[in-house]
Amino acid sequence: MAVATTRGAVTARRRVTINDVAQHLDLTKGTVSRALNGYSDISESTRLKVRRAADQLGYRPLSHAQAIRTGRARSIGLVLQVSEHDGHRPFVADFLAGVSEGASREDWTLTVATAENDGDTLRLLEKISDERKADGFILPRTLIDDPRIAFLRSHDTPFVLYGRTGEASGCAWYDIKSEDAMAEAVMRLARLGHKRIGFMPGAPGYTYAELRLGGYKRGLEDAGLPCDPALICDPAVDRETGNNRAEQLLTIPNPPTAIVCSVDQAALGVYDAARRHNLKIGRDLSLIAYDGIPEGGFVDPPLSTYAVNIRKAGERLADLLIQRARGADPEDLRELDQARFLNRGSHGPAPRRTHLKQ
């Protein structure tokens, strides 16, 4: 038969209850409950003390009972759209691991669904929300005009953006200042003597694409270089399109000696175009991109790029969403971080002249 000693040290195998934790700490059951559920009227030191004792004693709340009592499922919702150009990239695993880790620290779970298109995404957001399988959602890959945001706003459902958006009121987010990375890439190349620096934009409509284009233009201005529209090609988000867009840049009169790409996948296509023109990347044509995908480390020469700590992004988004679900003001939940430059061999001093195969 299970018994509990004075101060609540549980010595038998029965399930540890919230009363056991309260007795162990000499606190009221209500205080322990509010501390475990993150209420703002409980001090941080008390929350930490209660959580530590709960872990030591092996207390685990009954999720269905807790959901009835608090109105929360204690679950983070995430709908991934597999039709996007990078829907199956390896870093998705790191992102999910980060979100799961951030959620588990607060004894929350993660509910993940995959959608085929925009309409399917909205359907799943509504379904998961209506079935109370999640208390809010992380929205990755934000659009300037994002229908997911409009939908969740209209349903008064908490959400946090992995990115930024056009109409920012009422939005919480974690994002990387990729515009700073683009500006810095241009400055790096300008310091190496490049005066004709091309740019390959990202997918139209996405906030990141607009920000990175703005960063490229800011970099030109800071370097004292003119912004030539001929040096900005059409968007590219994969290797094949990057190859075609690089061809567009390399065959204009007075072509660039360097190219900055919004995404690494497109930059891989620049290698293909350079080979056709007998150009050696890093010597005859410099290249800097953004993402830090593994493939960039295996091309010759390895791709110079700005890498993002995807696992950390997932952790921070989980933490911000949990705060948002607990009632924090979304506009107090905005974090911007920086990408890390991987200084590799795909960029170098400007060549004296470029020979293109006709």
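Mentor: Let's start with a cut-off: a residue is buried under 20% relative accessible area, exposed over 50%, and partly exposed in between. Keep in mind that this is a predicted model.

Trainee: Why is Asp180 called partly exposed?

Mentor: Its relative accessibility is 21%. Buried means under 20% and exposed means over 50%, so Asp180 counts as partly exposed at 21%.

Trainee: What makes the pair of Arg218 and Asp180 a salt bridge?

Mentor: The closest N and O atoms of Arg218 and Asp180 are 2.8 Å apart. The cut-off asks for a side-chain nitrogen of Lys or Arg within 4 Å of a carboxyl oxygen of Asp or Glu, so the pair of Arg218 and Asp180, at 2.8 Å, qualifies. Arg218 is also partly exposed, with a relative accessible area of 33%.

Trainee: Which parts does that pair tie together?

Mentor: Arg218 lies in helix H9 and Asp180 in helix H8 (residues 178-191), so the bridge ties together parts that are 38 residues apart in sequence.

Trainee: How many salt bridges does the whole structure have?

Mentor: A search finds 25. One of them joins the side chains of Asp337 and Lys312, with N to O at 2.7 Å. Asp337 sits in strand S10 and Lys312 in helix H12, so this pair links parts 25 residues apart in sequence. Asp337 has a relative accessible area of 21% and Lys312 has 37%; both values fall between 20% and 50%, so each residue is partly exposed.

Trainee: What describes the way H5 and H12 cross?

Mentor: Their axes come within 7 Å and cross at roughly 40 degrees, and the crossing is right-handed. Residues making the contact include Phe91, Phe95 and Val99 of H5 and Ile310, Leu317 and Ile322 of H12. By class, the contact has ten nonpolar, three polar and four charged residues.

Trainee: Now the sheet: why are S6 and S11 said to stand at the edges?

Mentor: The open sheet has five strands in the order S6-S7-S8-S9-S11, with mixed pairing. Strand S6 (197-200) and strand S11 (340-342) each have a single partner strand, so one side of each is left without a neighbour in the sheet. From one strand to the next, the twist averages 20 degrees.

Trainee: How do you know that S8 and S9 pair?

Mentor: Pairing needs at least two bridges between the strands. Four bridges join S8 (residues 286-291) to S9 (residues 304-307), so the two are paired, and they run parallel. Asp291 stands opposite Ala307 in S9.

Trainee: Which strands does helix H11 touch?

Mentor: H11 (residues 264-276) packs on the sheet, touching S6, strand S7 (258-261), S8 and S9. The direction of H11 makes about 155 degrees with that of S8. Helix H9 (residues 207-223) lies across S6 and S8, running at about 175 degrees to S6.

Conventions:
Residues are numbered from 1 along each chain as its sequence is written. This is a predicted model: local features need pLDDT of at least 70, side-chain atom pairs count only at pLDDT 80 or more; totals for chains, interfaces and linings use all residues. Side-chain values use heavy atoms; hydrogens and water are left out. Axes are lines fitted to C-alpha atoms, for helices over the stretch in contact, and angles run from 0 to 180 degrees between N-to-C directions. Contact means heavy atoms within 4.5 Å. Buried means under 20% relative accessible area, exposed over 50%, partly exposed in between (1.4 Å probe, protein chains only). A crossing is left-handed if the near helix is turned anticlockwise from the far one by less than a right angle, and right-handed if clockwise. Ala, Val, Leu, Ile, Met, Phe, Trp, Tyr, Cys and Pro count as nonpolar, Asp, Glu, Lys and Arg as charged, and the others, Gly among them, as polar.
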